[in-house]
Amino acid sequence: MMLSGDEDEEKWLAEGIAGVQHNAFYMHRALDSNNLREALKYSAQMLSELRTSKLSPHKYYELYMRAFDELRKLEMFFKDESRHGVLIIDLYELVQHAGNILPRLYLLCTVGSVYIKSKEAPAKEVLKDLVEMCRGVQHPIRGLFLRSYLAQVSRDKLPDIGSEYERDAETVMDAVEFVLQNFTEMNKLWVRMQHQGPGRVREKREKERNELRDLVGKNLHVLSQIEGVDLEMYKENVLPRVLEQVVNCKDELAQYYLMDCIIQVFPDEYHLQTLETLLGACPQLQPTVDIKTVLSRLMDRLSNYAVSSADVLPEFLQVEAFAKLSNAIGKVIDAQVDMPIVGAISLYVSLLTFTLRVHPDRLDYVDQVLGACVKKLSSAPKLEDSRATKQVVALLSAPLDKYNDIVTALTLSNYPRVMDHLDDGTNKVMAMVIIQSIMKNSTCISTAEKVEVLFELIKGLIKDLDGAAQDELDEEDFKEEQNSVARLIHMLYNDDSEEMLKIICTVRKHIMTGGPKRLPFTVPPLVFSALRLVRQLQNQDGDVAGEEEPATPKKIFQLLNQTIETLLSVPSPEMALRLYLQCAEAANDCDLEPVAYEFFTQAFMLYEEEIADSKAQVTAIHLIIGTLQRISVFGVENRDTLTHKATGYSARLLKKPDQCRAVYACSHLFWVDDQDGIKDGERVLLCLKRALRIANAAQQMANVARGSSGPVVLFVEILNKYLYFFEKGNTQITASAIQSLIELITSEMQSESTTLDPAANAFFASTKRYIEFQKKKGGAMGEKYDPINV
Amino acid sequence: MNYLIGAFKPACNISITFADGKNRKQISIEPVLGKKVEHNGVKIELLGQIEMYFDRGNFYDFTSLVRELDVPGEIYERKTYPFEFSTVEMPYETYNGVNVRLRYVLKVTVSRGYGGSVVEYQDFVVRNYTPPPSINNSIKMEVGIEDCLHIEFEYNKSKYHLKDVIIGKIYFLLVRIKIKNMDLEIRRRESTGSGANTHVETETLAKFELMDGAPVRGESIPIRLFLSPYELTPTHRNINNKFSVKYYLNLVLVDEEDRRYFKQQEITIYRLQENS
C-alpha cells in the first residue's frame with residue numbers, strides 16, 4: 001500500500017516518539033537508581049531518534065520537544081554530583097565518548113550547561129567549546145535544532161553584565177561572541193537548507209525554511225537581551241557582525257527575515273545611532289529581497305520612536321536621519337535595477353510617512369521626497385502598473401492626510417509634477433482625493449495663486465486630457481467627479497472682495513476649458529460663487545461704486561453674463577436660463593435695473609430660441625414668473641414689457657392645463673404682497689378669469705377628445721388662487737365670484753361624465769374645510785368669508 | 001564407592017604467590033591428603049612466549065629462565081619455596097590478539113619419575129611504559145578526488161598514549177558530492193608471521209561519528225576523540241620477528257549513495273606512565 005507523504009510522516013513521527021519514550025523510560029529507571037552509565041547509554045539512544053531525516057521541520061520539532069523535556073531531567077541528575085559521583089569535568093569528557101555525533105553533542109550541551117553552573121570552568125571556555133563542537137552537525141535541520149538547544153540551555157548562563165557568570169569586563173564580549181557565532185552557524189545551516197534535495201520541492205522547502213526562521217532569529221533576540229550590549233558595543237561589534245552575515249549569506253529569505261529581525265529586536269535608539277551602518281547594508285542585499293518592507297518597518301519604528309517623546313527629536317536631527325534614509329533609499333533603488341517601479345514608489349511612500357511624522361514642520365523634506373520620486377518616475381514611461389499607481393496615490397495622499405490642509409500641499413513644487421506621471425484615470429482619482437480632503441476639512445483656499453495651483457493639480461477633472469478615451473467614461477463617475485469639482489468651487493473663498501474676484505477669474509479661466517460636458521456642472525457653482533461676492537459687496541458700504549474699484553457688481557455681472565453665455569454653446573439652455581434668472585435677482589438686489597433687465601432679456605431669448613420642449617417650457621415659464629414676481633427694481637415700463645411677455649408665453653403653452661396653471665401663476669405678477677409692491681387687482685382678476693376660461697376649454701376638449709370630463713383639479717386650483725387674493729384684500733375678487741366657482745366645481749364633480757379623481761376630491765374637500773374654518777374663526781377674516789356658502 | 005577419587009589428580013597442589021611486585025615471591029607445594037610426594041626435583045621457569053594460533057600449539061619462547069628450587073626428595077607436608085628472578089629482561093608487553101598471543105608465564109614443575117610431573121602455570125601481565133616521545137609531529141594532509149572532494153585534515157599528533165585525546169579538524173576545500181556523514185575509525189592491524197605466511201587481521205576498534213550531514217566549502221569540522229573508552233594496546237612493531245600490531249586512524253566520508261571515501265593514517269600508540 002502506498003502511503004501519502006503526510007501519512008508516512010505521521011508514522012515516522014509516531015515511531016520516533018515511541019523510540020524516545022521507550023529509551024526515556026529506561027533512562028528514568030537509571031536515573032532513579034543513580035546509575036550513570038545506564039543513564040548515559042539510554043539517553044544517547046533516546047537522542048538517536050533525533051537523527052532521523054524523514055521528518056519535516058514541523059514534525060521534527062515535535063520530536064525534539066519530547067527529547068528536550070527528557071534532557072531537563074537528565075540535567076537535574078547531572079547537577080547532583082552526589083547521585084552519580086563523577087566530577088563534572090569528568091562527566092564532560094564522559095559524554096563525549098558517545099559514538100554518534102548528534103546524541104553526543106546534545107549530551108555535551110546538557111553537561112556543558114551544568115558545567116557552567118558549577119563554575120568549575122569559566123563560562124566563556126565552555127561556551128566556546130560547545131559552539132565549536134556543534135560544527136560537527138552539518139545537516140541543516142538537525143544542526144538548527146541542536147544549536148537552538150545550545151542557545152536555549154546557555155541563555156541564562158551567558159557571562160553578561162550583572163550575571164553570576166561574569167568574571168571581568170571582557171566577558172560580555174565573550175557572551176556576544178558566543179551568540180554571534182551560534183547565530184552565524186545557524187544562519188548558514190538555514191540558508192543551506194534551500195540547496196538541498198531536488199528542485200521540484202523547492203516551494204515546499206521554502207515553506208519549511210520559513211517555519212524554522214524563528215530558531216535563527218532567536219539568537220538576535222538573545223543578543224538584544226544581553227545587558228552588556230550597550231550602544232557602543234552594538235555599533236562597533238554586534239551590528240557589523242550580524243550584517244556581515246546577513247549580507248554574505250546571499251539568501252533572499254534569510255536577508256529579508258533577518259533585516260526585519262534586527263529592526264524589531266534592537267532598541268530604536270540603537271537604530272537611530274547606527275542608521276548609516278544599517279542602511280549601508282541595504283543596497284548590498286539580493287535584488288529580490290523585499291527591501292521596501294524592511295525599510296518601511298524601520299521607518300515606521302523610527303517614526304513611532306520620534307513621536308514617543310519629544311526628547312528624542314534632537315537625536316534625529318543630530319544623526320540626520322532623514323538625509324540618511326533618503327540617501328539609502330536612493331542607493332537601494334539604484335542598486336536594485338530590477339526593482340519594479342512599485343517598489344521604489346512604496347519606499348518613497350514610507351520615507352514620506354516617516355518625514356511627515358518626524359519632521360512635520362519640514363515641508364522641504366516632503367518636497368524633496370516627492371522630487372526624488374519624480375526623478376524616478378520620469379526615468380520610466382507613464383505608469384501602467386496599477387499597484388504602482390496606487391502607491392503614487394498613497395504618496396500624494398499622505399501629505400494631505402497629515403496636514404489636513406491642501407494649502408500646504410499646494411506649496412510643494414514637486415506635487416503636481418508627481419501627478420503628471422499618473423495615468424488619466426488615477427490622476428482623476430487623485431484629484432478626487434484632493435477635493436475630498438478639502439471638503440472633509442472644510443479647507444478654504446483663499447488666494448488666486450493657490451487656486452491656480454490647485455486647478456493645475458486637478459486638471460484631470462477640469463478638462464479632457466490629450467488622447468483620453470472619453471467614450472469609456474462611466475457616466476455616473478463623471479457626474480460624481482464633476483459634482484465634486486462643483487463643490488470644490490465653493491471652497492474657494494476670500495473675504496477680501498478683490499482677491500475673491502481674482503479667484504473667480506482664475507476659476508473661470510480653468511473651467512472654461514472644460515468642454516461641453518463639464519460646463520453644466522461647473523458653471524453654476526461659479527455663478528453662485530460670484531453672486532455671493534456680489535451680495536457681499538452690496539452689504540459693504542456704498543462706496544463700492546467707485547470706478548477704480550475693480551470688484552464692482554457691474555463688472556461681476558458682465559463677467560457672469562459672458563460665463564453663462566458659454567452654456568448656450570453646450571447647449572444647456574435650461575441651466576443658462578436659471579442662472580440668468582438668478583443673476584437678474586441678484587442685480588435686482590443691487591438696484592441695477594438695466595443689468596436685471598438685460599438678464600431677463602437673455603432669459604426670454606433663451607426661452608424663445610432654445611427651449612423647445614414643452615415640459616421644459618412649463619418649468620421655464622414658471623421660473624420666469626417666479627423670479628419676475630420678486631423683482632422690484634423695474635420701472636413700470638420695463639416691468640410691463642416683461643410681465644406682458646410672461647403672460648403671453650404662459651398662454652401659449654402647448655397643453656391647456658399647463659396654460660391654465662401658467663396663467664393663474666401670472667396673476668401674482670400683478671400682486672406683490674409687499675408694502676410697496678404692485679397691487680393691480682384688476683389685472684389679477686383678468687388673469688384668473690383667463691385661467692378659468694382655459695380650464696373650461698380644457699374641460700371641453702377633454703369631453704370631445706376622450707368622452708370624459710377633464711381635470712376638475714384645475715378649477716380647484718383656481719379657486720385657491722381666488723381665495724388667496726380674496727384674503728389679501730383684492731377687491732376685484734368677490735365672495736360671490738368665489739361662491740359661483742364653488743358651485744361650478746361641485747356641479748362638475750357630480751357630473752356623470754367626470755372621471756373620479758380622488759386627489760381632486762380631497763383637494764376640493766380640504767379647500768372647503770378651510771373656508772369653513774375661516775368662517776368659524778370669526779374676526780375680520782370670518783366676516784369676509786361669511787357670505788360664502790359651501 | 002569413589003575409590004578412584006584422587007587417582008587421576010595431581011599428587012600435590014601447587015600455588016604461586018606474589019606477595020608484592022618486588023619481593024617475597026614464593027610457591028608452596030602441598031601434598032594431597034597427607035600423602036607424601038616423591039619427586040626428582042622442583043624447578044620454576046619464567047617464560048616469555050609468543051603463541052601463533054594458526055601454528056597451533058607452537059610457542060616461541062623469547063625468554064626462558066630457570067631456577068632450581070629443590071633437589072630430588074620427598075615432600076610430606078606443605079612446603080614453601082621463595083624464588084626470585086632478578087633483572088629479567090621483558091622487552092615486550094603482554095598481548096592478546098586475534099592470531100597471536102604474547103604471554104609471560106611462571107612454570108613450576110615437580111618432576112616425578114612415574115605418574116608424570118606435576119606442572120603449574122601462572123600467567124602474569126607485563127606492561128612497558130614509554131616516556132612521552134620527544135618528537136611528536138602532527139599529521140596534516142590534503143587529500144581529494146579531483147573536482148569532487150578536497151579536504152585537509154589535521155590530527156594534533158602522530159603518537160598518542162592510551163588515554164590520550166585526538167584533537168584535530170577537517171577542513172573542506174571543495175565539496176561536490178553529497179556527503180551523508182563522516183566517521184573517524186580506529187583500526188588495528190595485526191600482522192603475524194613473515195614472508196608468504198604473513199597473516200593480516202584488521203579490526204575496527206572505534207567508529208566515531210565526526211560529522212552529520214553535508215558540509216559546504218570552507219567548513220571546518222572539529223575532531224575530539226577520547227581514546228580511553230577503547231581497548232587499545234600500544235603499537236607493536238615487529239615483535240621478535242613474529243608479529244606487529246599497528247594502529248590507524250581512518251577518516252571515512254560516506255555519501256548519499258553509501259559510497260565510502262577514506263584516508264588512513266598510521267598513528268603510534270604508546271603506554272604512558274599513568275602517574276607521570
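Me: Between which two strands of chain B does the loop with Asp258(B) lie?
Reply: This is a predicted model. Asp258(B) belongs to a loop of chain B, and the elements on either side of that loop are strand 19 and strand 20.

Me: What phi does Asp258(B) have, given that it is not a glycine?
Reply: Most residues other than glycine have a negative phi. Asp258(B) is not a glycine, yet its phi is positive. The residue sits in a hairpin with four residues between the strands. Its phi is about 65 degrees.

Me: How many bridges join strand 19 to strand 20 of chain B?
Reply: Strand 19 covers residues 243-255 of chain B and runs antiparallel to strand 20. Within this pairing, Leu249(B) stands opposite Gln265(B) of strand 20. The number of bridges joining the two strands is eight.

Me: In which sense do strand 13 and strand 20 of chain B pair, parallel or antiparallel?
Reply: Strand 13 spans residues 159-161 of chain B and strand 20 spans residues 260-270, with three bridges between them. Tyr160(B) has Ile269(B) of strand 20 opposite. The sense of the pairing is parallel.

Me: Which residue in the turn between strand 11 and strand 12 of chain B has a positive phi?
Reply: Strand 11 (residues 139-145) and strand 12 (residues 149-155) of chain B are antiparallel and share seven bridges. Gly144(B) faces His150(B) of strand 12 across this pairing. The two strands make a hairpin with three residues between them, and the turn residue with a positive phi, about 55 degrees, is Asp147(B).

Me: Where in chain A is Glu320(A) found?
Reply: Glu320(A) is not a glycine, but has a positive phi of about 55 degrees. Its place is the loop of chain A between helix 16 (313-318) and helix 17 (321-335).

Me: How much area do chain A and chain B bury between them?
Reply: The contact involves 24 residues of chain A and 19 residues of chain B. Carbon and sulfur atoms account for 46% of the buried area. The total is about 1700 Å².

Me: Which residue of chain B forms a salt bridge with Arg192(A)?
Reply: Side chains of opposite charge can pair when their charged atoms come close. Between chain A and chain B there are five salt bridges. In the one made by Arg192(A), the closest N and O atoms are 2.8 Å apart, and the partner is Glu219(B).

Me: How many residues on the side of chain A that touches chain B are charged?
Reply: Helix 5 (88-94), helix 6 (101-118), helix 7 (123-133) and helix 9 (171-193) of chain A each supply at least two residues of that side. Six of the residues on this side of chain A are nonpolar and eight are polar; the charged ones number ten.

Me: What is the N to O distance in the salt bridge of Arg209(A) and Glu206(A)?
Reply: The whole structure holds 44 salt bridges over all chains. Arg209(A) and Glu206(A) lie three residues apart in helix 10 (residues 202-225) of chain A, about one turn of the helix. Their side chains meet in a salt bridge with an N to O distance of 3.8 Å.

Me: What is the mean pLDDT of chain B?
Reply: The model as a whole scores ipTM 0.87 and pTM 0.72. In chain B, 93% of the residues reach a pLDDT of 70 or more, and the mean is 87.

Key:
Residues numbered from 1 in each chain as written. Chains lettered and ligands numbered in written order. Predicted model: local features only at pLDDT ≥ 70, side-chain atom pairs only at ≥ 80, totals over all residues. Heavy atoms only, no water. Pairing = 2+ DSSP bridges. Contact = heavy atoms within 4.5 Å. Buried area = accessible area lost by both parts, 1.4 Å probe. Salt bridge = Lys/Arg side-chain N within 4 Å of Asp/Glu carboxyl O. Nonpolar A, V, L, I, M, F, W, Y, C, P; charged D, E, K, R; others polar. pLDDT = per-residue confidence, 0-100.
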